[in-house]
Amino acid sequence: MNPDLPMITIRNLKLDARTEHGPAHILRGIDLEFGRGRIVGVVGESGSGKSTLVSCLLRLLPSNIERLEGEILFDGIDLLKLSPSDMNDWRGRKIAMVFQDPMTALNPLFTINTHLRDVLKRRFPQISAREARERSLAMLTKVGISDASVRLDAYPHQLSGGMRQRIVIAMALLVEPDLLLADEPTTALDATVEAQIVDLFDQLRQDFSGSIVFISHHLGLVAELCDDLCVMYGGTIVETGPVAEVLARPRHPYTRALLDCEIEDDHGGRLATIPGEVPSATWAMDACIFASRCAHVADICRRGPTVLETVAIGHKAACKRSREVLP
Amino acid sequence: MNAGRTPILAIDSVSVAFGDKVRALDDVSLNIARGEIVGLVGESGSGKSTLCRTLMGLGEATSGTVRIDGEPLADRLDRDRLGFRREVQMLLQDAVASLSPRMRVRRLVEEPLHVHRLPLAAGRARILTLLKRLGLPESSLEKFPHQLSGGQARRVAILRALVLQPEVIVADEPTAGLDVSVQGELLNLMMDLHAEFRLTYLIVSHNLNVIRRITTRSVVMYLGQIVEEAPTAALFRAPAHPYTAALLSTNPVVDPGKRRVRIVLRGEIPSPIHVPSGCRFHTRCPHAQARCRQEMPDLRALGDGRKVRCHFPLAETAGLA
Amino acid sequence: MTAFAATRATIARILSGPGGIVGTIIIVLVVGSAIFAPLVVTHDPDALDILNRFSGPSAAHWLGTDNLGRDLYSRLVYGARVAMMVALFAIGSALVVGTLLGMLAASLNARGERLLLIVFDIISSFPSLVLALAVVAVFGPSTALVTAIVAVTLMPHFGRVARAQMLTLRHAPFVEAERLIGASPVRIALSHILPNIAGPLVVLASIDIPVVITIEAGLSFIGLGVRPPLASWGTLIYDGYAYLSDSRVPVIVASAALAIATLGFTLFGEALRDAVDPRLDREGR
């Protein structure tokens with residue numbers, strides 16, 4: 001594998017779903033690439049398509065898909081062209097997933113040990129029961145579970161929410177994946193427990209060679225944890241680049257508006273909002289996706305859709321007036 | 001009632017126990033003056049929901065009294081249940097689920113009029129005014145709850161409460177599940193209504209940014225007890241309880257200049273069935289000492305309107321008190 | 001989606017499988033002939049024609065005649081009428097009374113609730129046949145009595161489901177919200193909880209229709225139900241049995257009518273259950 005090539009390259013990914021009102025454009029042409037050892041934060045409001053993007057990477061898609069085009073290259077191999085059985089193999093080997101609710105990944109009838117062993121057996125069919133247990137113990141300790149040997153024989157309901165999420169993360173890491181997908185992994189947790197899990201992700205990056213895609217609606221969380229940021233809106237990526245750079249110098253009015261909505265001070269006065277609504281998914285997008293809500297909208301914005309353009313090194317934004325309005 | 005003097009809501013040493021073992025609320029006292037905006041912060045199991053339920057008369061206190069305008073809640077409910085419901089309204093966390101699913105919005109917002117036998121014509125006129133005021137299109141009256149967006153459902157829930165012209169609104173996680181772009185709109189609206197109708201708010205939220213921005217006084221709860229109470233600005237500037245400090249430090253912020261050193265607590269909030277001895281927070285407290293394990297601290301006043309339940313409050317040790 | 005659209009979607013889903021289609025066709029035929037019995041019959045069902053007894057199927061008598069020469073087809077149609085009337089009134093009253101009692105049970109304190117549940121248990125542990133024998137011994141057989149007996153034995157069925165449904169909804173946020181605006185328990189139960197538990201109960205009722213049809217036929221067959229000369233599928237089979245050596249046709253057509261109607265309502269009931277139960281949605285998999 002060429003280390004200079006990005007690990008994941010998504011090109012012009014489009015996904016339409018069938019609805020009563022005609023095709024809904026859930027993803028409207030996603031272009032994204034990232035290398036190894038990165039934590040990529042994907043932020044967006046409801047309806048931005050961020051969860052669907054993850055489903056595409058896993059190729060776990062709902063049945064009402066009308067059209068799926070473009071390519072998702074993983075080390076040069078197009079995931080969308082893999083046979084279902086090959087894709088299944090990739091899911092247990094190279095890609096792992098952590099969901100918002102840990103109980104969706106845990107079967108209440110099996111002990112933690114069974115869960116971890118099954119994952120290991122699938123990934124390393126030759127592994128002995130003893131080695132599996134040893135690796136599981138080591139992994140539980142690594143994800144911050146004390147009394148690992150006791151917890152190994154526990155059932156999911158005997159553990160707290162934070163511990164369950166740690167178990168799910170342990171299951172994902174045991175696979176030694178190249179790509180770890182985390183969809184709002186801390187949203188269901190309490191603040192102090194969320195801090196622990198964020199801390200865990202932060203520590204994991206030390207000896208995790210793969211990349212993490214971290215989906216969140218919480219800009220602050222992404223700002224603290226991630227290397228790269230990808231801002232989604234209405235099924236498109238409107239801005240992407242290194243986190244610090246994008247947040248310090250946003251080049252898309254939507255990113256700017258999102259940042260303004262964050263309230264991190266106790267100044268009085270009115271809170272910022274983004275008036276209007278996300279365009280309907282059935283809209284054909286013959287203009288900039290954000291035109292209907294943008295404070296800087298001009299005629300040029302309504303003439304055809306915008307594309308991502310490089311605005312600084314590694315920093316892209318999909319705004320025709322970026323240089324004018326956000327210098 | 002001598003307005004201004006008597007707190008509109010007074011919670012006096014309220015405890016709530018479920019069975020012999022679970023103490024969901026332990027000796028909670030809190031006064032809320034007319035027109036105040038009080039924030040209530042705590043994680044799951046802290047007792048904030050139980051406190052709201054008790055306050056709303058949905059659950060009974062095992063000991064202690066809730067007073068409304070100085071009158072014990074139980075008496076008020078016996079004497080004038082509907083009057084109490086008109087005076088104190090609550091917004092539930094899940095706004096969509098809090099609207100009866102098979103009713104159109106029109107019926108939902110008119111229902112308070114029927115329940116309270118208020119004059120229909122005047123009430124309907126009021127609904128139309130409020131509809132405009134809340135930025136809801138008139139067409140939304142014909143919709144069913146599941147056809148509303150999260151923000152609209154919340155407005156409908158607010159409208160239902162405002163139809164009764166309440167004086168106090170208890171809001172449970174008013175922004176939970178809302179996108180940030182809508183969150184600001186809702187909070188602006190709540191602040192406008194506060195100014196317009198001189199409402200008193202008790203706002204329960206885990207979103208510290210929201211609490212900081214809109215409340216004047218904040219209460220932090222842990223495992224059924226109030227651990228700190230202070231004017232919001234003071235609380236955020238210099239938390240006195242180690243738990244408050246940890247909670248504030250974990251609040252992720254975008255601006256690197258505003259980040260605090262993150263204090264990551266060990267473990268999780270213990271089960272209310274096995275409450276730790278002494279100070280309830282000592283099992284997770286980075287500053288716990290021998291005394292904390294044995295002796296439960298009282299909620300004591302520290303000056304500047306602050307109260308803290310800790311033997312070794314941070315502000316004091318830092319010489320700020 | 002409006003309520004109207006929801007109903008249309010449900011109907012579309014019922015008709016999406018072969019079972020639902022067959023069931024619906026049978027039901028339309030059975031219910032249609034029950035309602036329009038006087039219009040679809042070819043003869044007076046009670047008109048005797050002793051000379052023509054046990055005549056096989058012919059152009060004049062489509063299904064032949066019985067031991068007294070009455071037109072079997074016309075008697076079958078009127079039998080459908082009896083079956084539908086009994087089913088409608090028995091299930092209707094069981095549904096209404098059971099639902100109200102079930103909701104009452106869920107709202108009472110622990111002792112009251114247990115008392116009602118014991119009543120449900122006693123009724124359902126009592127075989128309907130024995131109950132029927134006892135009641136008929138006192139009052140004598142009649143259609144009204146069959147209906148009442150069936151209603152009483154089915155009532156706990158609805159009572160238990162209504163209670164369970166209400167218990168799950170009792171702490172639903174919208175119920176809590178109604179309490180918070182001051183709505184009374186009766187108002188909450190009738191205008192907020194009832195509309196939300198009605199669906200499963202109606203499905204249950206539709207699944208009970210074939211049961212009621214067979215109970216009515218069974219009771220009439222052993223002489224505890226509908227009294228001759230009124231035509232019921234049960235009495236038709238009974239009369240046919242007595243003269244089995246003379247002709248098999250009456251027993252066969254009456255049993256076939258009973259079997260087909262039962263099958264139709266069962267298929268429809270199952271299709272309806274699947275149509276309104278999102279958990280059985282096969283499309284999501």
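Because the model is predicted, local features need pLDDT of at least 70 and side-chain atom pairs count only at pLDDT 80 or more, while totals for chains, interfaces and linings use all residues. Residues are numbered from 1 along each chain as its sequence is written, chains are lettered from A and ligands numbered from 1 in the order in which they are written, and side-chain values use heavy atoms, with hydrogens and water left out.

Let us start with the sheet of chain A. Eight strands make up an open, mixed sheet, in the order 6-7-8-3-9-10-12-11. Helices (H or I, at least four residues) and strands (E, at least two) are DSSP runs numbered from the N terminus, and two strands pair if DSSP finds at least two bridges between them. Strand 6 (95-98) and strand 11 (309-312) of chain A each have a single partner strand, so one side of each is left without a neighbour in the sheet. On average, neighbouring strands of this sheet are turned by 25° against each other, direction ignored. Axes here are lines fitted to C-alpha atoms, for helices over the stretch in contact, and angles run from 0 to 180 degrees between N-to-C directions.

Within the sheet, strand 9 (residues 228-233) and strand 10 (residues 236-242) of chain A run antiparallel and are joined by six bridges. Here A:C230 stands opposite A:T240 of strand 10. Helix 1 (residues 50-58) of chain A lies across strands including strand 3 (39-43) and strand 8 (211-216), and runs at about 150° to strand 7 (179-183) of chain A. Helix 6 (residues 161-174) of chain A touches strand 6 and strand 7, its direction making about 175° with that of strand 6.

Now turn to the partner chain. The contact takes 38 residues from chain A and 32 residues from chain B. Together the two chains bury about 3,300 Å², 47% of it on carbon and sulfur atoms; buried area is the accessible area (1.4 Å probe) that two parts lose on being put together, summed over both. Four salt bridges cross this interface, each a side-chain nitrogen of Lys or Arg within 4 Å of a carboxyl oxygen of Asp or Glu. One of them joins B:R262 to A:D199, with the closest N and O atoms 3.1 Å apart. On the side of chain A that touches chain B, helix 7 of chain A gives the most, with seven residues.

Chain B has a hairpin worth a look. Its strand 1 (residues 9-18) and strand 2 (residues 22-32) pair in the antiparallel sense over seven bridges, and B:F18 stands opposite B:V22. Three residues lie between the strands, and B:G19 takes a positive phi near 70°.

Chain C has eleven helices and zero strands. Its C-alpha atoms fill a box of roughly 75 × 50 × 30 Å, taken along the principal axes.

Finally, back to the salt bridges: the count over all chains comes to 55. In chain A, the side chains of A:R133 and A:D153 meet in a salt bridge (3.5 Å, N to O). A:R133 lies in helix 4 (residues 129-142) and A:D153 in the loop between helix 5 (148-152) and helix 6 of chain A, so the pair ties together parts that are 20 residues apart in sequence.

Conventions: Contact = heavy atoms within 4.5 Å.
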